Amino acid sequence: MVSKRRKHRFPTAYTVIIIVLLLVEILTNFIPSGNYATLAYNSDSNNFVITEPNGSTKKESATQKTLDNYKVNIEISKFKDGTIYKPVAIPNSYERIKSKKPNLLQAVINFFTAQVKGIGDSIDIITFVLILGGCIGIVNTNGAINSGIAALSKKIKGKQALLIIVVMALISIGGTTYGLAEETMAMYPILIPVFLMAGYDTMTVIGTIFLADSIGTMISTINPFSTIIASNAAGVNFSHALPLRIIMWAICTIIGMIYVVVYAEKVRKHPEASYVYDQYESDRKKFLTDSSFKETKFTWQQKLTLSILAIAFIIMIWGVQSQGWYFTEISVIFLAAGYLMALFSGMDEHKVVGAFVNGAGDLLGVALTIGIARGVSIIMENSHTSDTIMNFFSKQISGLPPLIFIWLLFLVYIVLGFFIQSSSGLAVLSMPIMAPLANVVGIDRSSVIDAYNLGQGFISLIAPTGLILMGLMMVGIDFNKWFKWCWKLLVIEFILCLVFLGLGLLVY
C-alpha cells in the first residue's frame, strides 16, 4: 500500500481570528490594567464629563479654559460642532487600576462572550453585508451579471489593464477622502466574474480592491475619520500638511497599480504564473456559469436591474461622503434597491425570494467573520490594557532624536493599529498623548499624524483583525497565498513610509 501524505492547508479566516482572539486573551493576563482619564462633551447639558482612571466621573464647564487646564490642545468648537465626538484621553493622567485577572473558567467564558458581543456590536455592518448579498443574488439569478459581462468583455478587449487602473484609482480616492472601507465588500461579487472573463485571477481582484482601499486610507488626505479627527485631537490644521500627503498618496497609489497590473498581465498571458493557479478551474466553476462564455441577449430587465444596483452605489457614496451616513442608512438604500430589482427582474415571487435568501447566505460567512474580529477590541477594552500599551510606548520614544522618534512612532502605530482597528478611536485615544511628544523632540505635530496614518494603514494590509480576511473569504483565497503575493509590495511601501516621514521633518 502506498501511503499518501496529507496536504496541510492554511487555516480558514475563522480559525485565524479565533487564534488571534485566544492569544490576545492570554496576553491581557500578563499586561497590567490601567486607564487614562478621559474628557467627553455632553451636548445636552453643555459641559464636559471627566472620567477618572478608576471610573468615577465629574462635570466641568465646557470652556476653552477647562481644556487648557487639562492640557487638551483642542479648540472648544471642535467638541460643540460634533467633530470630536468620542472621549479624549487627558495627557499625563495614566494610572494603574486594580483589576482582578480572570481564572481559567472566567477566561474561557470571556473568550466566548467577546465573540458573541462582537457579533452584536457589528450588527449594523453584518446587516449591510447580508442585504448586499441578497441584492447580488437577485442580479445573479436573473442573468444580469452574465449578460453584462458579455457586453463589457467586447468593450474592454485589449484594455483589461485600464480596467484595473480605473477601479484602483476610484477606490483609492474613496479611501483617502472619506474612509471607504467595509463598503468595498459590495464590489467583490461584481468584479470577480468581470476579472475572470478578462483573463485574470481572483488574486488580481483582491489586489485591485483591497490594496487600493488600504493605500487610500493609509495615506488619508481629507478623510474625516482619521486625518481630520486626528488633526483636531492634536490641535493642528489638517490642511497644513495636505500638499505632501497628496504627493505621498499619488506615488503609493501608482506603485500599487504597477504592482497589480504587472502581475495581472503576467497571469493573463501565462495562467500557470498565478499564485492561485491550483484554484483556476474551481474559481471559474464557482464564479462563472456556462452562459458567461456564450453570446447572450442583454434584456431590458437585466439592464434595468444593473442600473438600479449602480444607482444604489452612487447614492451610497454620496450619502457617506456628504451626509454622514453610516451602515444603517446605506443598508436601507440597498434594501430599497432590492425591492426595485425584484419588481423589474422579470422573475416570479418564489424565485426572487429564493435568490435574495441564497445571495445573503453566500455572504453569511463574511458577516460572521466581521463580528468575531470585533471580539479582539472587546477583550482589550474589558481588560483595560489598551491604555497601558499606549503609556508604555509613549514613555519609550519620548525625547529621542527627531528622525529616530518619528520612525519608532510609526512602528508603535503599527502595533497599536493591530489591536485598535477603529481609526477615529485610535486618534482620540492617542493624539492627546503622542502629539505633545512632538514638542519635546522639536518637530511639527503633523509628522505625528502622518506616523499614525501610515502605521495603522500599513498593518491593515495583513492584520487578521481588519478587513483582509473578509476580502479573502469573498474571493476564496487563503491568507498565506495573499502574504506570498504582497510581501514585496509591503517592503516597498514600508521603505516609502520611512522616506516620507523623514521628508516631512524637512517640509513641515
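Is Asp121 buried, exposed or partly exposed? The first point below takes this up, and a few other spots worth a look follow. Please keep in mind that this is a predicted model.

1. **Asp121 and its partner.** Asp121 is partly exposed, with a relative accessible area of 47%. Its side chain meets that of Arg374 in a salt bridge, at 3.7 Å from N to O. Asp121 belongs to helix α4 (residues 104-121) and Arg374 to helix α16 (residues 364-383), so the pair ties together parts that are 253 residues apart in sequence. Arg374 is partly exposed as well, at 25% relative accessible area.

2. **Other salt bridges.** The count for the model comes to six salt bridges. One of them joins Glu265 and Arg268, whose closest N and O atoms are 2.6 Å apart. Both residues sit in helix α11, three residues apart, or about one turn of the helix. Glu265 is buried, since its relative accessible area of 17% falls under the 20% cut-off, whereas Arg268 counts as partly exposed at 31%. Salt bridges with shared partners also link Asp121, Arg374 and Glu381 into one network.

3. **Glu52 and Lys58.** Here is another pair to click on: the side chains of Glu52 and Lys58 form a salt bridge, with 3.8 Å from N to O. Glu52 is partly exposed at 26%, and Lys58 is partly exposed at 37%.

4. **Helices α17 and α19.** Helix α17 (residues 386-397) packs against helix α19 (residues 423-441) at an angle of about 20°, with the axes 10 Å apart. Because angles under 35 degrees count as roughly parallel, that is the label for this pair. The crossing is right-handed. From α17, the contact uses Asp387, Met390, Ser394 and Ile397; from α19, it uses Leu426, Leu429, Ser430, Ile433, Met434 and Leu437. By type, these contact residues divide into seven nonpolar, two polar and one charged.

5. **Two backbone spots to check.** Most residues other than glycine have a negative phi. Lys71, though not a glycine, has a positive phi of about 60°. Lys71 lies in the loop between α2 (64-69) and α3 (76-80), and is exposed at 60% relative accessible area. Asn92 also has a positive phi, near 60°. Asn92 is found in the loop between β5 (88-89) and β6 (95-96) and counts as exposed at 74%.

6. **A buried loop residue.** Gln279 is in the loop between α11 (242-269) and α12 (280-287), yet counts as buried at 10% relative accessibility. Setting aside neighbours within four places in sequence, Gln279 is in contact with Thr202, Gly476, Ile477 and Lys481.

Key:
Residues numbered from 1 in each chain as written. Predicted model: local features only at pLDDT ≥ 70, side-chain atom pairs only at ≥ 80, totals over all residues. Heavy atoms only, no water. Helix = DSSP H or I, 4+ residues; strand = E, 2+ residues; numbered from the N terminus. Buried < 20%, exposed > 50% of the residue type's maximum accessible area, 1.4 Å probe, protein only. Contact = heavy atoms within 4.5 Å. Axes fitted to C-alpha atoms, helices over the stretch in contact; angles between N-to-C directions. Parallel < 35°, antiparallel > 145°, perpendicular 65-115°, else oblique. Left-handed = near helix turned anticlockwise from the far one by under 90°. Nonpolar A, V, L, I, M, F, W, Y, C, P; charged D, E, K, R; others polar. Salt bridge = Lys/Arg side-chain N within 4 Å of Asp/Glu carboxyl O.
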